[in-house]
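Biologist: I am new to this structure. Please show me how to read it, one feature at a time.

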2 protein chains.
Amino acid sequence: MTSNLQPFIYPKRVPAAPPVGAAQASTRSDVIPLSYGTPSSDAFPYAELQAASAAAIFQEGRDALQYAGALGPGRVQQWIAERAALRSIHAEQGQVLVTYGSQQAIDFASRALLEPGDHVWVEAPTYFGAVSTFKTAEAVITSFPLDADGIQVDRVEIALREAVQQGNPLPKLLYCMPNFHNPGGVSLSVERRERLARLAYEYNFFILEDDAYAELVYEGQHLPAIYSFGPERVIYLSSFSKIIAPGIRLGWAIGSATVIRHMNSFFQGSKASVFSQEIVAQLFDHLSFDEHLQHLIERYRSSRDVMVDTLREQFGDEVQFQIPSGGFFIWLTFPEEVRTSEFVKDATDQGVSFLPGSQFFVTPEGGHHARLSFSYCNAEDIQRGVLRFAEAYRHYKTRVQQHN
Amino acid sequence: MTSNLQPFIYPKRVPAAPPVGAAQASTRSDVIPLSYGTPSSDAFPYAELQAASAAAIFQEGRDALQYAGALGPGRVQQWIAERAALRSIHAEQGQVLVTYGSQQAIDFASRALLEPGDHVWVEAPTYFGAVSTFKTAEAVITSFPLDADGIQVDRVEIALREAVQQGNPLPKLLYCMPNFHNPGGVSLSVERRERLARLAYEYNFFILEDDAYAELVYEGQHLPAIYSFGPERVIYLSSFSKIIAPGIRLGWAIGSATVIRHMNSFFQGSKASVFSQEIVAQLFDHLSFDEHLQHLIERYRSSRDVMVDTLREQFGDEVQFQIPSGGFFIWLTFPEEVRTSEFVKDATDQGVSFLPGSQFFVTPEGGHHARLSFSYCNAEDIQRGVLRFAEAYRHYKTRVQQHN
């Protein structure tokens, strides 16, 4: 029947190409992945997950294996609210939405808040997964630079004022990562959090506060969330991916009852797997979360230290970076003329992967940056990986010098 | 900071009210749920699921608990392709997309195919979960009646021809349930399947073929899917909800490589939980699927028979229905003047729930129909439930007669 088949015109919201990042994995089996923003497989609580699964199936399965039901979802929401309180977030029933990871929460927030052509403001650099979702929502994206204290709120305020003066559209949404920024590694100062929330009220936009690394604090205290300064105009996001396992595929959003109800509508009466939620609820009975978290923090802190030491040893002053006090990433700044995308292949040839900085910007900039992740590999691989990365950089430099 | 808060204008795609159906559950603990389209909790393979979960965690967990990885997803896709072949569907790699249940597949298909204002044609009656998704896509919905052989393709063809003649918009999508229709209980004849596929080519629209009950065939053979007659313009959907458990929350879409790639883009580089997929893959090692399916079929067939017998005994000729040869539902037709929505509360008072027919139509019709489900309850509850339902109907009739 192919004979009379005409071309079908797809909506323009369908992305033309797959999002960045997915294609970074190498086929070489001995490539050390410093590109992955994934937790270590050594850090998963296997035995406890197995006990939790068995309990979810045998004790609660008659309900937990149905579409809805069992007590797991309620217990998970309660746990989320308790942890959020450590960041000065007050969340009541109806203010927490469990989703299939933060990515789905970003999608639901975009669909709940944005019409095609609406403006979304992001940080530069920012997380490409979120950008991809905003593009699917057919948003117009503008970015604002980070410094050591996070997004430069001064510049945001100036741009808002100018937009009003010039009659240009205001943003409907500002996406930011306040803690241990991916990829920037920096955290937003408390003073800026408060100012940002005030601006959201004043100029009537929502802030999407992505706090995926909230629990992985290696030094210092939990800071109050932006949400705590403006609960009606902030949607706070986090996830079990980094503290339990990405495969459990559960994240959450906290917001006003109104915005959460709107986001929830995209589940069309369904909800995120109650079986997975029951496993998480049971897990907290089989695991001391505080001990587990302490174990994760010690592991990742020590991995970070190994990466920092090896980078200093290999690069000296040739590379600048801030030591992140949490999260998974070190954001490298090479001299201005360096183009990190030009030694991605050298790196793979040397047996290491990383992400070039340009992938984290919505404008053609950031070419002299690179993101290294210390989360997935063990200490020995991190050391070897950074050595290989430095070797790749030297190859690149030699090649560039020969051409000049 | 609430003082300077202005109202936020949400996009119109956000549904004003929660979708129908979710609110049907009663708070009375002894209500027999004949409203639920859910499988029996007695039918879940608990021990095998537990063994499969343990294997997913201990044998494959290092990969299966990550974002992507392990062999489970590939094995699940292969299983899906093999079962689809029984319905004359040929699906190669890149033509199967695993989603969080059929509902997400309907959502992804809608977003991949529809612009706001596009036309979607559905059956009358149809499944309200799909309608809710089409409304979220801001589609214009038109419905076409069923008869004993499924959607009346004659009428569809006339409407297509008229649309062309009158310069009216053609549909982008036609949604239909070819087997054991929810709620209609009927199946689409093979001749109509072929004609429908031919129309999709001729008038350049997609058919969304929802085959959630595909495996639950109580009499007769598997029929060739509509997909088999028009693979470039049909998206075939099915799910593990009815054959394993809804809580596993995995369904799938089969389509051309192009449309599947477009649908997949809404995962934004992620995918449906690889951990859940690994559990399913391991389950097929721990379970004889053929035996399990035979067990399900015998259970549900016998439940159907109990419901049919009790309905006949209680209602005689006062209610018409076709005996479904598969699926979960019996679709009742009362005399024209009956309004089933007017005895929903009588039924709850008697201790039984059902869904009134009007919920399954996009136009104000169907008020003299009702859907009863025989899937969730055991035989004894089905019998008692139908008795209570008949009692509620008698209360209603007495009330109506007193008013006249």
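Biologist: Which residues does Asp118(A) touch, leaving out residues up to four places away in sequence?

Modeller: Two residues are in contact if their C-beta atoms, placed from the backbone, lie within 7 Å. By that test, Asp118(A) touches Ala139(A) and Lys172(A), not counting residues up to four places away in sequence. This is a predicted model: local features need pLDDT of at least 70, side-chain atom pairs count only at pLDDT 80 or more, and totals for chains, interfaces and linings use all residues. Residues are numbered from 1 along each chain as its sequence is written, and chains are lettered from A and ligands numbered from 1 in the order in which they are written.

Biologist: Where does Asp118(A) lie, and is Asp118(A) buried or exposed?

Modeller: Helices (H or I, at least four residues) and strands (E, at least two) are DSSP runs, numbered from the N terminus. Asp118(A) lies in the loop between H4 and E3 of chain A. A residue is buried if 20 or more other C-beta atoms, placed from the backbone, lie within 10 Å of its own, exposed if 12 or fewer, and partly exposed in between. Asp118(A) has 20 such atoms within 10 Å, so it is buried. Sequence separation is another thing to read: Asp118(A) and Arg83(A) are 35 residues apart in sequence and 33 Å apart in space, C-alpha to C-alpha.

Biologist: How many residues of helix H4(A) are buried?

Modeller: For H4(A), 13 of its 13 residues are buried. Now its length. The expected span is 1.5 Å times one less than the number of residues. H4(A), residues 101–113, reaches 19 Å from first C-alpha to last, close to the 18 Å expected.

Biologist: What follows the loop of Asp118(A)? I would like to read the sheet.

Modeller: Strand E3(A) comes at the end of that loop. Two strands pair if DSSP finds at least two bridges between them. E3 (119–124) and E6 (171–176) of chain A pair in the parallel sense over three bridges. There, Val120(A) stands opposite Leu173(A).

Biologist: Why is strand E13(A) said to be largely enclosed?

Modeller: Five of the five residues of E13(A), 369–373, are buried, so the rest of the structure largely encloses it. In a regular strand the side chains alternate between the two faces of the sheet. In E13(A), His369(A), Arg371(A) and Ser373(A) are on one side and Ala370(A) and Leu372(A) on the other, all buried. E10(A) pairs with E13(A) in the antiparallel sense over five bridges; Ile330(A) has Leu372(A) as its bridge partner. E12(A) and E13(A) also run antiparallel, joined by two bridges. One partner pair there is Leu355(A) with Arg371(A).

Biologist: Which peptide bonds are cis?

Modeller: Among them is Ala124(A) to Pro125(A), with omega near 5°. Pro125(A) sits in the loop between E3 and H5 of chain A. Another is Asn182(B) to Pro183(B), with omega near 10°. Pro183(B) is in the loop between E6 and H7 of chain B.
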